[in-house]
Structure formats: C-alpha cells, structure tokens
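This report examines how side chains meet within one protein chain.

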Amino acid sequence: MSRPRYHLAAALGLALVLQVPVAAADDCAAGFQDGWARLPPVEMPVLGGFGTLHNPCDSEMVLTGASSPDFEDVQVHETRLDDGMMRMREVGSLAIPAGGSVALAPGALHLMLMRPVRALVAGDEVELGFEFADGTTVSARLEVR
Ligand SMILES: [Cu+2]
C-alpha cells in the first residue's frame with residue numbers, strides 16, 4: 001500500500017516544484033499567487049481581481065496589461081482617496097522591483113475584470129494572462145469568491 005502513496009507524494013511534490021518561479025537569469029519569469037476575484041455585492045458586470053505579483057528576477061519587471069478569455073476587458077486600477085472620495089483610475093503600467101512583489105488588494109491596486117462572458121458564481125475559476133514590457137506573459141487562475 002505504500003507504493004501508490006509514494007507516487008502520489010511524488011506527483012504533488014513535482015506540482016509544487018513547477019509552481020516555484022525559476023530564478024535563472026535566462027528564463028526568469030514573474031509569478032502570480034493567491035489570485036481571487038470578488039463578486040460584486042449587487043449585480044454589476046464587473047469584478048475586482050486580487051493576488052500578489054512576484055518578480056524573482058535580477059531586474060525590474062513592468063506589467064503593461066492583462067487579459068482574460070472570461071472577460072471582455074481587464075484593467076489594472078489603483079484606488080485613491082481624492083477629496084474624501086474613494087476613486088479608481090486605470091494604471092498604464094506597474095513596476096515590480098527586482099526580487100520584490102506587488103500586492104493587488106481591495107482598496108488598493110487591483111484588477112478590474114469587466115463584463116464577464118459567462119455567468120460566474122462563487123467557486124468558479126477564471127483565467128488571466130499578465131503581459132510584461134519585455135514581451136513575456138504569465139498566466140494565472142483566480143478563484144471567484
Ligand atoms: Cu477598479
């Protein structure tokens with residue numbers, strides 16, 4: 001009975017290894033973790049998207065945009081307190097320092113997932129592709145909550 005368990009552990013271990021960003025200079029890539037999307041409290045065609053962007057590389061990475069097959073449009077937004085009002089505005093690009101990370105969180109920097117192409121309920125997963133200034137892309141999954 002221990003053999004199947006060993007194989008399962010090996011498979012899980014491999015899956016974990018594959019999710020760790022490779023820090024080698026040649027194929028260094030950004031990563032995105034703990035992704036989730038928040039259903040609006042009232043029926044609106046927009047969800048907030050959150051998670052943490054990681055840059056394990058030796059140089060700054062600049063996020064230039066994101067897209068999703070599950071939404072007609074995805075924007076990167078920041079939330080600012082402006083004359084006592086919380087306002088959001090689109091951010092054209094977002095720098096992630098070398099070896100650093102940037103959190104996308106409610107009330108701060110976030111993704112605006114606009115006009116879902118299908119009805120979404122809590123527990124669904126949506127796909128996202130981040131695009132960086134160096135031409136690389138990083139795909140991610142966000143859990144709908
Ligand atoms: Cu927004």
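In this predicted model, the side chains of D82 and R87 form a salt bridge, with N and O 3.5 Å apart. D82 is partly exposed, at 37% relative accessibility, and R87 is likewise classed as partly exposed, at 41%. Elsewhere, salt bridges with shared partners connect E78, R80 and R89 into one network.

R89 is partly exposed, with a relative accessible area of 48%. Is E78 buried or exposed? At 18% relative accessibility, E78 counts as buried, because the cut-off for buried is under 20%.

The whole structure contains 8 salt bridges. Another of them joins the side chains of E72 and R115, at 2.9 Å from N to O. E72 is located in strand β4 (residues 71–82) and R115 in strand β8 (residues 110–116), so this bridge ties together parts that lie 43 residues apart in sequence. E72 is exposed, at 56% relative accessibility, whereas R115 is partly exposed, at 37%.

| Residues | N to O distance |
|---|---|
| D82 and R87 | 3.5 Å |
| E72 and R115 | 2.9 Å |

Attention now turns to the aromatic rings. How many aromatic pairs does the structure hold? There are 2. In one, the ring centres of F32 and F130 are 4.7 Å apart and the planes stand at 50°, so the pair is tilted. F32 lies in strand β1 (residues 31–38) and F130 in strand β9 (residues 125–132), and the two are 98 residues apart. Both of these residues, F32 and F130, are buried.

The rings of W36 and F50 have centres 4.8 Å apart and planes at 45°, so that pair is also tilted. W36 is in strand β1 and F50 in strand β2 (residues 46–54), 14 residues apart. W36 and F50 are both buried.

Leaving aside residues up to four places away in sequence, L113 touches several residues, including A37, P45, F71, D73, L128 and L142.

Terms used. Residues are numbered from 1 along each chain as its sequence is written. This is a predicted model: local features need pLDDT of at least 70, side-chain atom pairs count only at pLDDT 80 or more; totals for chains, interfaces and linings use all residues. Side-chain values use heavy atoms; hydrogens and water are left out. Rings of Phe, Tyr and Trp (its six-membered ring) pair if their centres lie within 6.5 Å; planes under 30 degrees apart count as stacked, over 60 as edge-to-face and the rest as tilted. Helices (H or I, at least four residues) and strands (E, at least two) are DSSP runs, numbered from the N terminus. Buried means under 20% relative accessible area, exposed over 50%, partly exposed in between (1.4 Å probe, protein chains only). Contact means heavy atoms within 4.5 Å. A salt bridge is a side-chain nitrogen of Lys or Arg within 4 Å of a carboxyl oxygen of Asp or Glu.
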